[in-house]
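Take a look at the sequence and the model below. We will walk through a few of its parts.

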Amino acid sequence: NGDQSTGFGLGVISGFNVKAINEGTITLNGQQSYAIGVGLTASSTRTPNGNIWLGDDTVLENNGTINVNGNKSGGFAIQSYVPKVENNNKIEITGNESFGMYSNVTNNPGSKAVKLTNTTSGTITIKGSATGSTGLRVEHKNDQVINRGVVNIESSGNNNVGLYSTAGKVINASNGSGTDAGVNIKTGGNAGMMVDGDVNAVGEN
């Protein structure tokens, strides 16, 4: 329930391979809290250009339920290169200015793509009275966030966005059908996809 809390928190040491998999329920009631977070830390093991990152066998997954009730909080907060980040089940957001999956990776190792994916079995829902929240958000030119599942906006609040980029690429690639396809905006004053940044910000549907 406390502010600035993390369910799975990883301070990156170069070359480490980590598996952080949620199979149960994580509930975030505090502000600025994250279910699964990867940040940058000081390390004695650095590449010549000063970057640090996790190993290529690292996997971060949600196979359970993440409840984001706090403001400025989120399901996945990724600030360092991770090869595989997936939501395979449910992320539910009721907090303001919060998110399901967020990427702002500034230490991309060469040409490796940083991808966060809401998979075909994944559902991200913005609900309650949440305001200014996002399903998937990307803020760095080398990053990608991909929706292959469902993003629902059901909140009575406004200024919520399903897929949002200020830099990097957001992709709606859902292969669902009927009401289970892509981004569903069920209330007014919200947006399915928004690109609002520099020349590196890209949205694909």
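At 14% relative accessibility, tyrosine 102 counts as buried; buried means under 20% relative accessible area, exposed over 50%, and partly exposed in between, with a 1.4 Å probe and protein chains only. Before going on, note that this is a predicted model: local features need pLDDT of at least 70, side-chain atom pairs count only at pLDDT 80 or more, and totals for chains, interfaces and linings use all residues. Residues are numbered from 1 along each chain as its sequence is written, and side-chain values use heavy atoms, with hydrogens and water left out.

Now for the aromatic rings. A pair of aromatic rings is described by the distance of the centres and the angle of the planes. Rings of Phe, Tyr and Trp (its six-membered ring) pair if their centres lie within 6.5 Å; planes under 30 degrees apart count as stacked, over 60 as edge-to-face and the rest as tilted. The count by this rule is two aromatic pairs. Tyrosine 34 and phenylalanine 99 are stacked, at 6.1 Å centre to centre and 25 degrees between the planes. Tyrosine 34 lies in strand β4 (residues 34–39) and phenylalanine 99 in strand β10 (residues 99–103), so this pair ties together parts 65 residues apart in sequence. Strands (E, at least two residues) are DSSP runs, numbered from the N terminus.

Which of these two is buried, and which partly exposed? Phenylalanine 99 is buried, at 9% relative accessibility. Tyrosine 34 is partly exposed, at 25%. Phenylalanine 99 also pairs with tyrosine 102; that pair is tilted, with 5.3 Å centre to centre and 40 degrees between the planes. Tyr34, Phe99 and Tyr102 form one aromatic cluster.

Next, the core. In soluble globular proteins, nonpolar side chains tend to be buried together. A nonpolar core is a set of buried Ala, Val, Leu, Ile, Met, Phe, Trp, Tyr and Cys residues joined through side-chain atoms within 4.5 Å. The largest one here has 33 residues, and Leu60, Ile78, Val85, Ile91 and Met101 touch the most other members.

Last, a sheet. Six strands form an open sheet in the order β3-β6-β9-β12-β14-β16, with parallel pairing; two strands pair if DSSP finds at least two bridges between them. The edge strands, β3 (25–28) and β16 (182–185), each pair on one side only. Strand β14 (residues 150–153) pairs with β16 over four bridges. There, valine 150 stands opposite glycine 182.
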